[in-house]
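Work through the exercises below with the model open beside you. Each task is followed by its solution, step by step.

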Amino acid sequence: MASYNAISTEKLVRLIGTPKGPVVIDVRDDEDFAARPLLLPASFRRRYEDVRQWGADYRSRWVVVVCQKGKKLSEGAAAWLRNAGAVAETLEGGFEAWQSAQLPLVPVAVLPDENAGGGTVWVTRSRPKIDRIACPWLIRRFIDPAATFLFVAAPEVEAVADRFGATPFDVENAFWSHRGEDCTFDTMVKEFGLSFPALQHLSLIVRAADTDRLDLVPEAAGLLAASLGLSRMFADDLEQLEAGMALYDAFYRWARDATQEKHEWVQHVAKRAKTNE
């Protein structure tokens, strides 16, 4: 019987990638994690033994706790989180249920290390247009909601990455960059194992807009126009990134839920009342 304070895999997968989704915390023990070093998208690990210390960090937040089978570890951690003021649920069936449903899992081996304050740090060229907004959106929605992004002068990306412990992206000779006909967004979707159909669709749109192949898919021209417009609206790269998050949220939801929906203008003419002649 499912716990009263539990969420199904079907519901959670619909929430992941959306701006109002829950915080997802993996509390599997070291043995279970070592056997399957993978994470649910947008999740991160915390030691269940230390929940008394970190639980207060999530006061008033919505949290979903994941353990191996959705039993004692997630139930206990979620109960402690509720005592700390969080709205905490467990994932029904835990990690095993997610895996059995063949839902995407992120390989930990490709994730950059977190900085001392928590969260990963990424660096790229300033004045972003498409890939350099799309990739931060992907990382924050599906990999690390606490990620920090540094926009610097193009010649300094490598040196800043080295001195500040950041991961470079969308620059030449970086691991996270263009590969063949793929853009950096494609690379991230593939390396992170994010095999959501909507992200596959969105990848094609981003690639077409970013590599000037607008013939690949009709929506690419719209993404290019909106991206160039945002770059003109904002002189501050971080302000542009925040505005761009909403743009990619909309494209993702369209790709997931609305590709078959049509819209046309219909003239509404008031009906004349019948008169007796």
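**Exercise 1. Find the handedness with which α9 passes α11, then describe the packing.**

Solution. α9 passes α11 in a right-handed crossing. A crossing is right-handed if the near helix is turned clockwise from the far one by less than a right angle, and left-handed if anticlockwise. Helices here are DSSP runs (H or I, at least four residues), strands are E runs of at least two, and both are numbered from the N terminus.

This is a predicted model: local features need pLDDT of at least 70, side-chain atom pairs count only at pLDDT 80 or more, and totals for chains, interfaces and linings use all residues. Residues are numbered from 1 along each chain as its sequence is written, and side-chain values use heavy atoms, with hydrogens and water left out.

Next, take the angle. α9 and helix α11 (residues 237-258) pack at about 125°, their axes 8 Å apart. Axes are lines fitted to C-alpha atoms, for helices over the stretch in contact, and angles run from 0 to 180 degrees between N-to-C directions. That angle makes α9 oblique to α11. The classes are: under 35 degrees roughly parallel, over 145 roughly antiparallel, 65 to 115 roughly perpendicular, and the rest oblique.

Now list the contact (heavy atoms within 4.5 Å). From α9 come Ala 198, Leu 199, His 201, Leu 202, Ile 205 and Val 206. From α11 come Tyr 248, Phe 251, Tyr 252, Trp 254, Ala 255 and Arg 256. By class, ten are nonpolar, one is polar and one is charged. Ala, Val, Leu, Ile, Met, Phe, Trp, Tyr, Cys and Pro count as nonpolar, Asp, Glu, Lys and Arg as charged, and the others, Gly among them, as polar.

**Exercise 2. Decide how α8 and α9 are oriented to each other.**

Solution. Start with the axes. Those of α8 and helix α9 (residues 197-210) come within 8 Å and cross at roughly 160°. α8 and α9 are therefore roughly antiparallel. Their crossing is left-handed. Then pick out the residues. The contact holds five nonpolar, two polar and two charged residues.

**Exercise 3. State which residues lie nearest the centre of the largest pocket.**

Solution. A pocket is an open set of points on a 1 Å grid over the protein atoms alone, where a 1.4 Å probe fits, with protein on both sides within 12 Å along at least five of seven lines; lining residues have an atom within 4 Å of a point. The largest pocket is lined by 27 residues. Val 23, Phe 44, Arg 61, Pro 145 and Ala 146 lie nearest its centre. β2 (23-26) and α6 (131-142) each supply at least two lining residues. The lining has 13 nonpolar, six polar and eight charged residues.
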